[in-house]
Amino acid sequence: MRVKVKESSKSILEAIRLAVRRLLIRGHPYHKLALYIIGRTKFIPDGVQLFIRRLRSNTLDVGTFTLSRILFVLSNAGYSEVRRILSDMHKLQLENGLWTDYNVDLDFFKLLNDKGIALRVTLDVLMSTSKLDVPIDDRLEHAINALLRTCSPDGTWRRTFTRSKTWDVEITSKAILTLNDYVDELIRIRALDLISKWLNSCIITRSCDQPWALGWAIRVLYENNLLNEKQLNEAISMLIGLQSNSGYWGVFEENLELTFDNLMNLLAIGKYEKSLRDEISHIIDVKTRIIFMINELFPDMINYLKEDLTNIARGSIMHKANLFQNAFIWAVERSLFRKQDPKPLLELFSHYIGEYKPKTLYDHAYTLARYVLDEVAEISNRHVALGWLLRYFKLSLWRSSPLLVIEKAIAALPNSNQKLCDTYIFALNVALNIPKEYLHKIPCPVDRNLIEILRKLGLITTPITIAIKNYNKVRDEVQALAKELFPDSPFKLYALSMIPIRWCRGPTPCVKPSREGYNLCPFHDLCPYFKGESIGAN
Amino acid sequence: MIYVLISKVRVLELTKPLKLLIEEHEPEAKEFMAKALASIGITSLRPMKSVFLHTLIISIIDLKRWAWHITSIDYVMSEAWRLISHVGDMDEISLFTDEDLLETAIEDTNKLLKLNDYERSDLVDTIKFFAIFLNENEGKTLHDFKEFSIALRDFVIDTLSKLINEKAYVKKAKYFGRLLATKRAASYRVAQLALLCFPIVDMGIADTYLYLLAKILKIWPNINLVEFHCPMDPSIIRVGIRIGLFNKQFKASRYGGYRYRIFQNIAKALFPDDPTKLYTLRYVGETFCTPYKKKCDECWLFGICRYYLTSIG
């Protein structure tokens, strides 16, 4: 009989909840699709549907490693259409029977040599085939034999790291889980004994030399009944301790693949399917409501912003103010820090407008880039943005991707920031009719109001303490969400910023009295901060 | 600034005798480097373009010698010679624009053969791009340092920014930006930043390259060396730590780093007219003050060397 994890342990539920949220917000489309399938829901947002279409039409332009991960992740969710990837994988198999990728730029993979990467990719493929119940054919047998050939006599897999000769716990655990029927019994016992000793030493010393392998080690020992209750709980608490506050696992950087693996390992150890489904369905409810409400809020917001832009044009002291200048003033007002003086930036832009008089979007991209490179470069302190602008300009990208050039040109202005770039491009979209083919490239501006509502709804997992120091972390989360919900026009998500302006502030937050009675915030039933109960508005 | 890492008293003690000793032995050190370069045929008598390209190759191998396990300056020269001679005629610059030839030449070396894919492609790209630059420019441009720096800047901004691959550009974008923000008049700074834009070139390589051309090969006569930076070579740091000029935590530093600036300030404080004179310590590091076999009895710095004084004590 297998040992049980402590039922009262809330931290496991919290870890699963955080990981699910992180994956459903920041994850790749295949992570999201897998979780939607696990959650037994029919909701599939446009961004994920786009991924499915590309998967069906075989137009996914990704490397072997990503392909193996897609296969592994979706096979865990039982998504049978993923079988077509297997035929692609057969084409990529090496003569020695393994699969590999030379271009894996991910977290702890930097510590691995070619052998380490090849064994991991091959194991992912074999694990997926066993999940999908694919019969073992010659090719798969060739892969299994190749894996077994690399096994040391002590039952471990080693020499997979660039600078260390230590044995690889992750590969050994995965191999024992996957190749159970093929591995010699003596070797299996030896390997399990070594994994058990490794885990015990980790628990005793409270430190781990291969933290990425912890989840797999716990799982293989649990499935072979080699852990007592105390060991299991301590190992799980150690695994949870390695999770970041934002919900992801990672050694040097955020690693979504490891996060998914650890989530699946936790689910395999305890019975947490219900809480997992509850969490997924809650996030789906929020996302469905957002998609529904945006259609209503977006036209309102555009009218509101157009009015704002007109007011700027009226109140402008500058002579001959034009659309570009109004959009820039509007963006500067919303993007700079309170203590930052907007005057130098406005003067630079005004000088540019006076000198170059841009008329079209392409004209604007070309002239702004030239102005920044020729006249502003010497006073700019944004060297990285300047470098990129130079490259894009020399490659004449202003013809094919004018928005990218404009973004880099704005970023290269002295004391500029990412928020200003996003907001300016959004303002340009409101002020000008940007061609349809570029709409999917317009980012969603991330301001205080949008962050406030998304955080309340649980769609931002980065803790405030980290978000204050690094704006880009929150920005990335919001952009990932925007691209999932509205892949053709991600900026639409910005309409959600109208909610805090209308509902979250004032003497009666969440509730607005009217002549007929009272109106409730459209997200009141999904928001944990709902304050309407006190007046019986529920 | 100097006094942040080293004791004020020690610097004051060292300054005068060290200056005198370095000035006295500088010609010896220059001859040592010139001989090393001449051993593979690089002298000022060679065609200009050839000297420019092969000095860059030597500077790269020299500064990467610790990482690439090339133990001494003789091995540096022999490794460079293997690479250059396997490409073909060393004066035929157009051969060095051929990627395949460079790749095969690397296969014939002893140590460069073991470079990983990224380092290898960076090395090949750097040599190829620099050869393209030399092919595009006439001999006249190369004879004057100011014109050379401006020509290199223009090449980097107009051509290299397009040629370099996306992955390498991620690391180099800041140098392109800095180069744009730097005024053309500051020749040394412009040349240094322009060199830094090449894939494998770092601060040490850029400084060493300009030092070798200006001071050892004397390509640019009557050049003012006040602006020049002293190359921050690990051998100099080793000797500096042993004589007590730097403290033990002092290591080679990245571009613009705190220690790099301190190092340059020390060089400028000792030799305001020509900070590169401090590079003489490299000669000591290569000949007497090697990491394991120290020849303290033969070294002309023994009188002021803290290591020697404590070891005999």
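Predicted model: local features only at pLDDT ≥ 70, side-chain atom pairs only at ≥ 80, totals over all residues.
**Group meeting: loops, helices, domains and a chain contact**

Good morning. Let us begin with Thr162(A), which sits in the loop between H7 and H8 of chain A; helices here are DSSP runs of H or I with at least four residues, strands are runs of E with at least two, and both are numbered from the N terminus. Residues are numbered from 1 along each chain as its sequence is written, while chains are lettered from A and ligands numbered from 1 in the order in which they are written.

Is Thr162(A) buried or exposed? Thr162(A) is exposed, because 12 other C-beta atoms lie within 10 Å. The term buried requires 20 or more other C-beta atoms within 10 Å of the residue's own, exposed means 12 or fewer, and partly exposed lies in between, with C-beta atoms placed from the backbone. Leaving aside residues up to four places away in sequence, Thr162(A) touches Leu111(A), Leu112(A) and Asn113(A); contact means that the C-beta atoms, placed from the backbone, lie within 7 Å. By contrast, the C-alpha atoms of Thr162(A) and Ala313(A) are separated by 61 Å, and these residues are 151 apart along the chain.

The loop between helix H7 (138–149) and helix H8 (169–178) of chain A also holds Arg159(A). Its phi is positive, about 55°, although Arg159(A) is not a glycine. Arg159(A) is partly exposed, because 15 other C-beta atoms lie within 10 Å. Arg40(A), in the loop between helix H2 (29–38) and helix H3 (46–56) of chain A, likewise has a positive phi without being glycine, with a value near 50°. Arg40(A) is exposed, since 10 other C-beta atoms lie within 10 Å.

I turn to a pair of helices. Two packed helices are described by the angle between their axes and the distance between the axes. The axes of helix H4 (residues 64–76) of chain A and helix H5 (residues 83–92) of chain A come within 10 Å and cross at roughly 150°; axes are lines fitted to C-alpha atoms, for helices over the stretch in contact, and angles run from 0 to 180 degrees between N-to-C directions. Which residues of H4(A) and H5(A) meet? Thr64(A), Leu67(A), Ser68(A), Ile70(A) and Leu71(A) in H4(A) meet Ile85(A), Leu86(A), Asp88(A), Met89(A) and Leu92(A) in H5(A).

Next, the domains. Chain A is divided into domain 1 (62–270), domain 2 (282–494) and domain 3 (506–535), with bounds from an automatic or database domain assignment. The C-alpha centres of domain 2 and domain 3 of chain A lie 32 Å apart. Between these two domains, 6 residues of domain 2 of chain A are in contact with 5 residues of domain 3 of chain A. Helix H13 (residues 273–315) of chain A provides the largest share of the domain 2 side, 4 residues.

Finally, how many residues does each chain bring to the contact between chain A and chain B? Chain A gives 14 residues and chain B gives 13 residues. On the chain A side, helix H17 (residues 383–394) gives the most, with 9 residues. In chain B, helix H2 (residues 48–63) is mostly covered, as 14 of its 16 residues are buried. Thank you.
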